[in-house]
Amino acid sequence: MITRPSLDQLGLSAGKKARLYRILHDHGLRNGTAIFLPYDHGLEHGPRDFFGHPEASDPGHIIKLALEGGFNGIAIQVGLARKFYWDYAGEVPLVLKLNGKTDIPSAIDPLSPVNATVEEAVRLGADAVGYTLYVGTPAQQRDFAQYLRVREDAERFGMPLIVWSYPRGTAIDAKGGRDCFYAVDYAARTASELGADLVKVNFPQPDKQSGVPEPYRRRFSPAEAIEAVVRSANRTLLLVSGGEQAGDEAMLEKARLSMEAGATGLIFGRNVFQRSHDDSLRLVAQLREILAKYPS
Amino acid sequence: MITRPSLDQLGLSAGKKARLYRILHDHGLRNGTAIFLPYDHGLEHGPRDFFGHPEASDPGHIIKLALEGGFNGIAIQVGLARKFYWDYAGEVPLVLKLNGKTDIPSAIDPLSPVNATVEEAVRLGADAVGYTLYVGTPAQQRDFAQYLRVREDAERFGMPLIVWSYPRGTAIDAKGGRDCFYAVDYAARTASELGADLVKVNFPQPDKQSGVPEPYRRRFSPAEAIEAVVRSANRTLLLVSGGEQAGDEAMLEKARLSMEAGATGLIFGRNVFQRSHDDSLRLVAQLREILAKYPS
Amino acid sequence: MITRPSLDQLGLSAGKKARLYRILHDHGLRNGTAIFLPYDHGLEHGPRDFFGHPEASDPGHIIKLALEGGFNGIAIQVGLARKFYWDYAGEVPLVLKLNGKTDIPSAIDPLSPVNATVEEAVRLGADAVGYTLYVGTPAQQRDFAQYLRVREDAERFGMPLIVWSYPRGTAIDAKGGRDCFYAVDYAARTASELGADLVKVNFPQPDKQSGVPEPYRRRFSPAEAIEAVVRSANRTLLLVSGGEQAGDEAMLEKARLSMEAGATGLIFGRNVFQRSHDDSLRLVAQLREILAKYPS
Amino acid sequence: MITRPSLDQLGLSAGKKARLYRILHDHGLRNGTAIFLPYDHGLEHGPRDFFGHPEASDPGHIIKLALEGGFNGIAIQVGLARKFYWDYAGEVPLVLKLNGKTDIPSAIDPLSPVNATVEEAVRLGADAVGYTLYVGTPAQQRDFAQYLRVREDAERFGMPLIVWSYPRGTAIDAKGGRDCFYAVDYAARTASELGADLVKVNFPQPDKQSGVPEPYRRRFSPAEAIEAVVRSANRTLLLVSGGEQAGDEAMLEKARLSMEAGATGLIFGRNVFQRSHDDSLRLVAQLREILAKYPS
Amino acid sequence: MITRPSLDQLGLSAGKKARLYRILHDHGLRNGTAIFLPYDHGLEHGPRDFFGHPEASDPGHIIKLALEGGFNGIAIQVGLARKFYWDYAGEVPLVLKLNGKTDIPSAIDPLSPVNATVEEAVRLGADAVGYTLYVGTPAQQRDFAQYLRVREDAERFGMPLIVWSYPRGTAIDAKGGRDCFYAVDYAARTASELGADLVKVNFPQPDKQSGVPEPYRRRFSPAEAIEAVVRSANRTLLLVSGGEQAGDEAMLEKARLSMEAGATGLIFGRNVFQRSHDDSLRLVAQLREILAKYPS
């Protein structure tokens, strides 16, 4: 088993450490773990993600949910942050998501354009910024260039940087797909090599073998796979994503395996808000129970 | 029914609030609603839009019409603003439209290039700036980047930003077209996520069902549709566009439904100026009657 | 008939007005009209334009011709301005042409790249700058962006901006061609919307009807056409171009119609210098006779 | 035989000389030769390069290996440098690799995007920076532009610049391939012409004759080939790369020939770390024996 | 016959005149003519250009040759300038070549990317900078933009700018090829229009008639052709290139015709260094004899 890295080991500047400490030890379970609520679906997927649960379309409602559920932070785009975060400013940490795109045009080899700056995140009182990096696309030249500017600003302002490290593109599709162990493992390592402070990945699916490169073409248990991903992320704190809504039990199992492997926490959106308010809080309570077992 | 958000709720800087207050409470009906006169057709469509009504080709005539009709603002390109606005400076608010394009080349996946700056808007005494965002095109990468620079300048100068949020492109065409409920709803939300202060949309047509994604493929009344759009715009003030000239009664009905749903106002161009002067004023009077019923 | 706008109506800064006053009232006929000598053919077409009249290849000769002919300005590229204008500095106004290209590669959808700056024009003592805008091409995104930077500098330095507003590209070819009334009319309006101080257009040919959009598909006399173009340019001073060499009588007639319609002046190159020195001066004298009838 | 250039001959600024002196005379054998450990495989190839030797996935382990093995420097990406170099700062020189890419998408004509700056290298206490230049691709326009900015910063900060000069692209493939003598020779010269301080090349394979241009189509011994490459690099210090793992004897022979020809040193990654710890140290000892014979 | 322009006529700033005076009157024959040694072949063609004459691969050897041969300057890339020019600094003028490319990828419509700056040329003590402009390619938009930045810096620092004005691209190939009179004549004029101080062209070949535009399709003697080119360059000093190695007599004849027509000098590379040292000096002596006859 891998020991989760402590804040002291990460080579952090004072500003980054102060903000990460606030997220990990002043909010949520205050035990060094974290659960984040991402809410950029209105841009990424459009309002249809809220159709089944109309109150989910109201950003104010969601921020309140993050507060009631004891989340360590809410990740939103700048427009919602400007208009809704003020009401709860300081009560729950803000992760300003700096890039995003609609899913209207096909995005075979996507790039997520920046729509806000780290400086704006500072002005809004954010404790971290988020950047979606599409690992493996031919657009990586422009993506890395755009990312570099964000990372430099994050260094300059002492702002923790969470990378949504998403394998995408035709090459990934041909090499096992976005959730295969190869893709997730490479994505975690890429974020670490490129200087992310935290990295958000999907839970790897080692049974997806078709097309994956050697030496990924052999048996890995889910536990082995997530352990390898944590190892690839090394001193980059790992957050495991919920992805599309799935059965609660499967989801809780992923959460357990991830924390056991050394992940720092979870980042769950649709799984949390695409249900009734009470049901959301019930699920979050279960997730918090798991996190409570892995203090650091 | 949704309550129209008040200026106090929008997280506005002093400069933005001062200018929006001026537009909404010092002009027009002075009741928190607004009707704008957009006049960028000379660039967007060429002089042919004025052929039927030659006096409509004269920017001075149009600004005078905005004044006489009690509009809350006139939206024009920088060339006309420099040459004609001086004559009426301060009498009617100026919305400087910052981007635009000719319709000569086909624009399957369009982008509207910037031709003026927020700083220039400040210099000209504008009370808001306008930006056309083509939601859903593959050019969204360059569009978002260009938009970000405009939005940052608008924040810096305390200048309200009105986004012309226009669904466009081959993907939109395949998913119901630019006026379908799905497209308009997503466009409203996109403007909100990306930090617009006001958003201009077309009235949604929920009966356009061909190709639209689930869960938009079911019955929505026009009233339900515009209400959902207002909800998607949340704390972004909604302006409903007139679009191409249509029958007066249909247009007045759209205006009524929009205001009832929580829109802040209307933005009507060709419907207003492609008729005789007296007829224009008569129509505007009818629209003002509607607005008068929705003070805030 | 349209009254030609006076300098007082144009919303000009002091610097722009001072320089335009110098061009229109201190040179040429000093009556508010203007005739310019453009001489960028060496770049745009290559030396072949001078083969029939070898002395035309000598920039010194041409500047002297502009002086002798009583022109209101000479429009040249930066290289020639640096090397030859010094000899006549102050004697005839300099219009520094800021962009240009060779005609060697095919240019189906052209863009004219900038090769000099407004600041350099100031340093060289220019009284105006020129910019070629290719209206109607798919390159309008980059063209407008490039133009914006030029226009901003022109505002900053109080430098009058003359836009060579040239309809071009496959869409224009399909909609009547570069000289049809539709194309010229739209080009004049585009320059006005985008903030040109003066606009150079070709004389419209209303008989070119094939492919032009409604409502241009009907009878317009040349006089009606040029009047409409002047109206579309509104407070942007209109200069009518000579284009390729044509018969003198036809050319003089165009000049007469243009001035009668409210144009501010003419800009004639090959028609002037592709003939003997004496013949050039004789033609210019005839053009001046026409201009003398339209003081302002 | 060619004499290896001394630091005094290279036209170095004080800062560059100080840092190179530190690398070449304060570390490793302290005799003017060098052996570097490159460790950017996690980004360039993904974690699979470490599968056979799990401890190789741990950056801390690798830096420790560089220290124990008496390397003159370790070349890593910024993320690993930030998180792991602090533990050994000053004990072994840091070469901050400034660009890199994943190998997920096909890269027929590759470009390696920058993900860190020279300024950051200074902040991290690096003694050199590395840049991968893909010589011979159609992307050379953007590559040279990107490289220029790096080189200018390196001049400004007195930071030695090591160019990974890699022949790549369809044209190279057609002209003998990336390892043929023609390709390696041209790449060495290109780095010298473009101002590299050190250049990393693969050992040339003069027997690869298919497609290479005249006059490379004749017999060259490996010794003649590497001598010619050293000559082409002239006053740019040459580092020979290990490339993919090969037999130890072949590798040691390449090292000998390179040093004999006038190379300054070696840069060996997978050959070193894709084996057990003891075996790594044994190999390094053999390489150091060779270097010890070529003091300068 | 055309009189070669004197430095007084060129509209030069003090800095440009001082440096050109140094080149033309303090070096070489000190009579206002010039012969330059270009040595960028290592980048443009690769080391193969030196295979026949191995000492030609040594930049130190070449600079020494320029000194012994009494050249007015040596044109090299920044890497060689940094590493080798110091040894002879001040003894022979340095022309820093600012752009260049490898010939590995096919370059149907080429662009030569910048790899050094005018500021760096100043720092290195250069007396001029060189820029390759590929006249006639579709890339002229980016080329002109890049060139503008170089020219502006050259103005700012008073640094003479020599344009390698090379007709290239598919359109040129279709219109007579890169050496036809039309191409060379247009290239000379383009450099003059765009503000070059000196222009390097190939000697025109008026017998290449296939495809050239009217009115170039008639008989021109070589003498008439080079005279026309000098006329097109007007106040831009003309340097005639040696091009690929040819017979000595033909080359000397070209030199004679060029100087007789009003060229300022010659720029000969491979013709000079692709022979034995003594033979090089013998040829240079013959060229100097010709230059001696055209003082200014």
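## The end of helix H3 in chain B

B:Gly70 follows helix H3 of chain B, and its phi is positive, near 70 degrees. The model is a predicted one. Helix H3 itself spans residues 59–68.

## The start of the helix

At the other end sits B:Asp58. One of its side-chain oxygens comes to within 3.0 Å of the backbone nitrogen of B:Gly60. This contact lies at the start of H3(B).

## Buried residues and their cover

Several residues of H3 in chain B are buried: B:Pro59, B:Gly60, B:Ile62, B:Ile63, B:Leu65 and B:Ala66. An α-helix has 3.6 residues a turn, so residues three or four places apart point the same way.

What covers these buried residues? Chain B supplies strands E1 (34–38) and E2 (73–76), among other elements. Helices H4 (78–84), H11 (270–273) and H12 (277–292) of chain B also take part. Chain C contributes too, with its helix H8 (181–193).

## How the chains are related

Two copies of a chain are related by a rotation about an axis and a shift along it.

A rotation of 72 degrees with 0.0 Å of shift superposes chain B on chain A, at RMSD 0.0 Å. For this rotation axis, B:Arg142 is again the closest residue of chain B, at 9.9 Å (C-alpha).

Definitions and conventions:
Residues numbered from 1 in each chain as written. Chains lettered and ligands numbered in written order. Predicted model: local features only at pLDDT ≥ 70, side-chain atom pairs only at ≥ 80, totals over all residues. Heavy atoms only, no water. Least-squares fit on C-alpha atoms with pLDDT ≥ 70 in both. Buried < 20%, exposed > 50% of the residue type's maximum accessible area, 1.4 Å probe, protein only. Helix = DSSP H or I, 4+ residues; strand = E, 2+ residues; numbered from the N terminus. Contact = heavy atoms within 4.5 Å. Polar contact = N/O pair within 3.5 Å; in protein donor to acceptor, adjacent residues only side chain to side chain.
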